[in-house]
Amino acid sequence: MTSTVEAMPFVAPKTQGSGVPDTDVVLASKNLHVWFGPRMVLADVNLNFPKNSVTALIGPSGCGKSTYIRTLNRMHELIPSAALAGEVIFEGTDIYDPSVNPVDVRLRIGMVFQKPNPFPAMTIRENVLSGLRLAKLSNSNHDELVEKSLMQAGLWNEVKDRLNNTGGSLSGGQQQRLCIARSLAIDPHVLLMDEPCSALDPGSTLRVEQTIRELSEFMTVVIVTHNMQQAQRVANYTAFFLSEDNNPGFAVEHGPTAEIFGNPVEQRTSDYVNGRFG
């Protein structure tokens, strides 16, 4: 006769760190757990994202950072077998409440992906306006919107005389900023960025980072990055994610970037930001 012993359920440690204000929080996850099929990939993530700030999500590959950022605008649920428990609170409302339209969520919480993905056959102007048209939003002054969005994305001066050229004619860094402009045209309150500079050269990376800092003057930005120097350059706050012994990923520590890199609470955070693993 044989017997089996059930594995103890994984309980994520409480996230350490002192320093994210509870006031002016635009977006937050509460007791967030995420699965792909039967496998839990994130456990009990509780993070706040303040108004007009940049938060960097750092941690080794496979710890759930990209999965987590996709839960923040309901893109996670587009993956077959995906499941979620907990809450994501945006401007006072749980975006996973059955009464909430996910399309409306994604209009207010935009996403920029790792690889620039403009529509290559569309003109630069058409690319900027494409999100507006897909969302069936009206705007009577397209020229003004195109200029404003491209200026906010730091691209206007480079393309203002060739708006009828195709999006595919731009360099990689310019294409990424065009994707940012496309997201900005629908007037989001939050912009999620999943490793937006990983495919770019150093010069283009610095230009996108400058754009991120400028955007944080009027919106909340959340960025996944493997570049520790980038996190320190652009982020007001940093959250360190980790997955240990094939357990789900969790947020180890969250606080002001200067504290996470200069005086972390957790030894594991110190080891990671100082390059001892990962």
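Reply: This is a predicted model, so local features need pLDDT of at least 70, side-chain atom pairs count only at pLDDT 80 or more, and totals for chains, interfaces and linings use all residues. Residues are numbered from 1 along each chain as its sequence is written, and side-chain values use heavy atoms, leaving out hydrogens and water.

Me: How do the residues of the lining of the largest pocket divide by class?

Reply: Ala, Val, Leu, Ile, Met, Phe, Trp, Tyr, Cys and Pro count as nonpolar, Asp, Glu, Lys and Arg as charged, and the others, Gly among them, as polar. The lining of the largest pocket divides into 13 nonpolar, 7 polar and 2 charged residues.

Me: Which helices and strand each supply at least two residues of that lining?

Reply: Helices (H or I, at least four residues) and strands (E, at least two) are DSSP runs, numbered from the N terminus. The suppliers are helix 2 (102-108), strand 6 (109-112), helix 3 (124-134) and helix 6 (172-184).

Me: Which helix gives the most to the lining of the second largest pocket?

Reply: In the second largest pocket, the lining has 9 nonpolar, 6 polar and 3 charged residues. With 5 residues, the top contributor is helix 4 (residues 142-152).

Me: Is helix 6 roughly parallel or roughly perpendicular to helix 7?

Reply: Axes are lines fitted to C-alpha atoms, for helices over the stretch in contact, and angles run from 0 to 180 degrees between N-to-C directions. The axes of helix 6 and helix 7 (residues 202-215) come within 9 Å and cross at roughly 20°. Angles under 35 degrees count as roughly parallel, over 145 as roughly antiparallel, 65 to 115 as roughly perpendicular and the rest as oblique. So helix 6 and helix 7 are roughly parallel.

Me: What about helix 3 and helix 4: roughly parallel or roughly perpendicular?

Reply: Their axes come within 10 Å and cross at roughly 100°. That makes helix 3 and helix 4 roughly perpendicular.

Me: Which residues of helix 4 meet helix 3?

Reply: Contact means heavy atoms within 4.5 Å. By class, this contact has 7 nonpolar, 2 polar and 3 charged residues. Helix 3 brings residues including Ile 124 and Val 128; from helix 4 come His 142, Asp 143, Leu 145, Val 146, Ser 149 and Leu 150.
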